[in-house]
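Below are some numbered points on the structure, meant for a colleague who wants the criteria next to the values.

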Amino acid sequence: MKLTLRVWRQRNADADGAMSTYEVDGVSPDMSFLEMLDTLNEELILKGEDPVAFDHDCREGICGACSLVINGEAHGPERTTTCQLHMRSFRDGDTLDIEPWRASAFPVIKDLVVDRSAFDRIIQAGGYITAPTGSAPEAHATPVPKPDADLAFEHAECIGCGACVAACPNGAAMLFTSAKVNHLNVLPQGAPERETRVLDMVAQMDEEGFGGCTLAGECATACPKGIPLTSITSMNKEWLRATRKVAKR
Amino acid sequence: MALATRTDRRPSLARTVWDSSVGKKAVMAVSGIVMLLYLVVHMIGNLKIFFGPGEFNHYAHWLRTLGEPFMHYEWTLWMIRVVLVAAVVAHAVSAYQLSRRDLRARPSKYVHRKARASYATRTMRWGGVILGLFIVWHLLDLTTGTVHAGGFQEGHPYQNVVDTFSTWYGNVVYIVAVLALGLHVRHGFFSAAQTLGAGSRTRNRALRAVADVLALLLTAGFVAVPVGVMTGVVS
């Protein structure tokens, strides 16, 4: 396959960026999208040019490091992560626009790499449980109903890649935050911090400069892990409940 | 030295709600639902115009005597007006502040644009502005009579309505606003339900249906009046 790539190039966080055009030849349909970019980078290095910087780590769709907007879609046309997207999803001769996540809370560091530490700070604000350390507790000590366990797991699937923010017209982190809040709030282990968790994580989300939800639904469409849009509804419900509970204390 | 036992002091409920994007959305949802309930009542009241000037004018007068003898003349009406103005202001201010936040959160656009969200979703902001301007015109036209076409008559709403819809611009302004209202309600009702946590996987299909039916009924009910005047059913 022969492809024309238009890639966002930006020297550093302060520099102005622009789209640069590259031609790549000899692309196999079995290559992953990142392998295709590796091919481009090898050519650039041989030519003595600066390779395109992009985030990647596990390359098996579970770490959440890769982050590319391909032809205006976060993680490209398939419902998966960029690393698990294969070139067979494109046609020979296609022109592909490759851009970084766009959100003021995710500043570009270089080329296609953005700083997603805002997500870490949201987790720090409440995405944990208070549990005694030491030997593992007896497995049956805390019964969890199967539907609750399934619900928690559905939200726990979030890998924090930030595709929801990239896809949202408001640059909102509602889907990410709601996945993390619901994951712990439906479990008995998360109960002691049920109220403070949602209040603090939403407050941190606002603090980081993410936008708000207007129910456009782009986040849930882009999410490679299929976190549902109703996750946001559940978080709203938890937040309203928490404000009432905390006000009574 | 005694250490503080309570370290979890938080701001008041009102402060928390207003300062949070989620809370401000709840303010928008509640004020929107208040206005929506009013609109349903308003639309049903409007339809009395098809039963002649006697019934319509009597209904308009009854609105002023509502709640008597407990309430004085027009007291109930003024209470409703105060609630509505509060709802409009709360809705508009939170919409403005939330929109500012949303626009700041996504300052640079993607070079490759793809078709996004439904028409109703994308037109919420400008649709809301159009509705706000319409409300001002509507009040100046049919409540105060300031910009009314052809001699405004206090206490004769039937004739005033016929006058307004006998002008081309009266019809255009009204029908455009009502269509904007339909779109606004379609997305707004569903969103309000999600913001207040009423939605769920099983309930969302029903909520979408209710939003569509409400939007259609309101649009049809309101548009019926200018259409009635234009076709001569109401004259």
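1. A:Asp206 and B:Arg101 form a salt bridge, with 3.7 Å between the closest N and O atoms. The criterion is a side-chain nitrogen of Lys or Arg within 4 Å of a carboxyl oxygen of Asp or Glu. Between chain B and chain A the count is three salt bridges.

2. This is a predicted model, in which local features need pLDDT of at least 70 and side-chain atom pairs count only at pLDDT 80 or more, while totals for chains, interfaces and linings use all residues; side-chain values use heavy atoms, without hydrogens and water. Residues are numbered from 1 along each chain as its sequence is written, and chains are lettered from A in the order in which they are written.

3. Chain B brings 41 residues to the contact and chain A brings 48 residues, where contact means heavy atoms within 4.5 Å. About 3500 Å² is buried between chain B and chain A, and carbon and sulfur atoms give 53% of that. Buried area here is the accessible area (1.4 Å probe) that two parts lose on being put together, summed over both.

4. There are 23 residue pairs in polar contact between chain B and chain A, both residues at pLDDT 80 or more. A polar contact is a pair of N or O atoms within 3.5 Å; within protein, one must be able to donate a hydrogen and the other to accept it, and residues adjacent in sequence count only if both atoms are side-chain atoms.

5. Chain A is divided into domain 1 (3–109) and domain 2 (117–248), with bounds from an automatic or database domain assignment. The centres of the two domains, taken over C-alpha atoms, are 29 Å apart. The area buried between domain 1 and domain 2 of chain A is about 1200 Å², 60% of it from carbon and sulfur atoms. A:Arg79, A:Ala105 and A:Phe106 supply 40% of the area that domain 1 buries against domain 2, more than any other three residues.

6. Between domain 1 and domain 2 of chain A, the salt bridge count is zero, and five residue pairs are in polar contact, both at pLDDT 80 or more.

7. Zero disulfides are found over all chains, a disulfide being a pair of cysteine sulfur atoms within 2.5 Å.
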